[in-house]
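Q: Could you walk me through reading a protein model, from its fold to its pocket?

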Amino acid sequence: MKWGQHYKYCDAIMDKFKGFKNQSSAQIINRREVEVTAPDGEVFTVLCQIGAYLNEETRKQELFWLETLFDKNFSDDKERMINNIWRESMQFGIGGGILGISSGTRHEDRARIGNRIKEIREKRGIDARDLARLAGIDAANLSRIENGRYSVGLDILAKIATALGKKVDFVDINQ
């Protein structure tokens, strides 16, 4: 698709989505960074050129498209979500081309919780398939949880904790 056709195509789609409100929200941090809050509240930093545009209308349109990409590709599997956003942003040339996307603000929490689940499971001598069966979840999902690649909901986390003889609780950060 040539650039002239690309902009006509984008304008036609923009007309179709006028008044549409995305669940994700994006804001320009500086010339090279945009912060996007996904529908679940997780925050991602996107390196792109949106902040460098001189035309305010162009900035607004590009932010809208970035929000739309996050909404359209939203998933608990953040790795897959980011890969889909990359692919589609390149296909449509959003943000003057995305240069990079952070793994989100909750990646460290997912990794820490997943490591802790695996540590307890192994200490008790429980096979991953057995824990998954006890918790009533798919073994592949348990693997993704233990590897910090899956954002687990409270219900599933409580089932895993119960199967391990634990409970989900709030503790002081410095413990």
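Q: What should I know about the model before starting?
A: This is a predicted model, where local features need pLDDT of at least 70, side-chain atom pairs count only at pLDDT 80 or more, and totals for chains, interfaces and linings use all residues. Residues are numbered from 1 along each chain as its sequence is written, and side-chain values use heavy atoms, leaving out hydrogens and water.

Q: How many helices and strands does the chain have?
A: Helices (H or I, at least four residues) and strands (E, at least two) are DSSP runs, numbered from the N terminus. Here there are seven helices and four strands, in the order α-β-β-β-α-α-β-α-α-α-α from the N terminus.

Q: Which residues touch the most other members of the largest nonpolar core?
A: In soluble globular proteins, nonpolar side chains tend to be buried together. A nonpolar core is a set of buried Ala, Val, Leu, Ile, Met, Phe, Trp, Tyr and Cys residues joined through side-chain atoms within 4.5 Å; buried means under 20% relative accessible area, with a 1.4 Å probe and protein chains only. The largest core has 20 residues, and V34, V46, L66 and F70 touch the most other members. Its largest share, six residues, comes from α2. Apart from this core lies another of 13 residues, including A132 and Y150.

Q: Is R110 buried or exposed?
A: R110, in helix α4 (residues 107–123), is buried, with a relative accessible area of 9%. Its side chain makes a polar contact of 3.1 Å with that of E42. A polar contact is a pair of N or O atoms within 3.5 Å; within protein, one must be able to donate a hydrogen and the other to accept it, and residues adjacent in sequence count only if both atoms are side-chain atoms. Beyond four places in sequence, R110 is also in contact (heavy atoms within 4.5 Å) with residues including K78, S103 and Y150.

Q: Which residues lie nearest the centre of the largest pocket?
A: Rolling a probe the size of a water molecule over the atoms shows where empty space is left. On a 1 Å grid over the protein atoms alone, a pocket is an open set of points where a 1.4 Å probe fits, with protein on both sides within 12 Å along at least five of seven lines; lining residues have an atom within 4 Å of a point. Here 31 residues line the largest pocket, and R112, I113, L157, V168 and D169 lie nearest its centre. Helix α4 gives the largest share of this lining, eight residues.

How values were computed:
Buried means under 20% relative accessible area, exposed over 50%, partly exposed in between (1.4 Å probe, protein chains only).
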